[in-house]
Amino acid sequence: MPKIRRLALLTLAAALSLTESLAAPAAGTTKEWCAAIGGRLGSVPPALCQKLQLSPATVVSANRHALMFRDVPPAPRKLAQAGSKTGRPLRILLVGGIHGDELTSASIAFRWMQWLDENEPAQYHWRVIPVANPDGLLSNPPQRTNGHGVDLNRNFPTPDWVKDAHAYWDKKTRRDPRRYPGKEANSEPETRWMNSQIESFKPDLIVSIHAPFGILDYDGPARQPRRFGNLNLNRLGIYPGSLGNYGGVHKNMPVITIELPNASSMPPLREQREIWEDMLTWIRRNLASKQLS
């Protein structure tokens, strides 16, 4: 076989192999994904995870773990009772586990998913991403960053990213690898997918769960919350590439950041409930009421 032809065939074979690799689905079923998550999160048994009927996205993480979500539209009777004048129910995007070593931020998202059919939350349209960074969560040990070593909460395409992201990482964090913002904004599959969720779902509120500062943070146009449970408002400022900066400042939509007090130990059930109830009260008074006015 002529050398040029053989080289062309090898190049074509390599290209086909790469295409197949990129197009191949993530290894494992939803059952296996839930088993892996349940093995890491003691409060989320695999059977419960499966019962919550999460769906895989069409893209996967850097390490080819599934990116799972659940879309929960309002109950028809609750939507009729709410009487929204905007033509659609209030939409809330709930995100846990952006940092993989903040285990409680994912665990409590699974817990709150179990309460979405209750009277008040059932009138809203929820989209829940309980584990936004499965690479980090399933690493051994769990790590803040994704499989590419990128802090997803510094990778969103905020207008200040090019100018400030690497300068902030260099000067303020002393090039802390746990806070590496990536080579460029929106470089990571997880960040691009979350960004696409914001663009397509068009939430009226984003709730991002973290740990372990034990506070509330807030960005955006609505009246800021003062207290959810034992978590008091403490504005931390905005960071280049953060979800709060991207959604609250750049997109001008309310972003509540809930910082649980411990990354590995869940707060007592009563406190989980108080945070949830106080958040629903804030939503009712500051967002849902405006749809009815």
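**View 1. The disulfide between Cys34 and Cys49.** A disulfide here is a pair of cysteine sulfur atoms within 2.5 Å. By that rule the predicted model has one disulfide: Cys34 joins Cys49, with 2.1 Å between the sulfur atoms. The link is left-handed, at -65° about the S-S bond. It ties together distant parts of the chain, since Cys34 sits in helix α2 (residues 30-40) and Cys49 in helix α3 (residues 46-51), 15 residues apart. Helices (H or I, at least four residues) and strands (E, at least two) are DSSP runs, numbered from the N terminus. Both cysteines, Cys34 and Cys49, are buried; buried means under 20% relative accessible area, exposed over 50%, and partly exposed in between (1.4 Å probe, protein chains only).

A word on the model: it is predicted, so local features need pLDDT of at least 70 and side-chain atom pairs count only at pLDDT 80 or more, while totals for chains, interfaces and linings use all residues. Residues are numbered from 1 along each chain as its sequence is written, and side-chain values use heavy atoms, with hydrogens and water left out.

View 2. Two strands pair if DSSP finds at least two bridges between them. Strands β3 (residues 91-95) and β5 (residues 205-210) run parallel, joined over four bridges, and Leu94 has Val207 in β5 as its bridge partner.

View 3. Contact means heavy atoms within 4.5 Å.

**View 4. Strand β6, covered on both faces.** Five of the five residues of β6 (residues 215-219) are buried, so the strand is largely enclosed by the rest of the structure. Ile215, Asp217 and Asp219 lie on one side, Leu216 and Tyr218 on the other. In a regular strand, side chains alternate between the two faces of the sheet. β6 pairs with β8 (residues 231-233) in the parallel sense over two bridges, where Leu216 stands opposite Leu233. With β9 the pairing of β6 is antiparallel, over five bridges, and Ile215 is partnered by Glu259.

**View 5. Ala106 in helix α5.** Ala106 belongs to helix α5 and counts as buried at 1% relative accessibility. Beyond its neighbours within four places in sequence, Ala106 is in contact with Leu41, Gly97, Pro130 and Val131.

View 6. Most residues other than glycine have a negative phi, and most peptide bonds are trans. The bond from Asn140 to Pro141 is cis, with omega near 0°, and so is the one joining Ala211 and Pro212, with omega about 10°. Gln53, not a glycine, has a positive phi of about 60°; it lies in the loop between α3 and β1.
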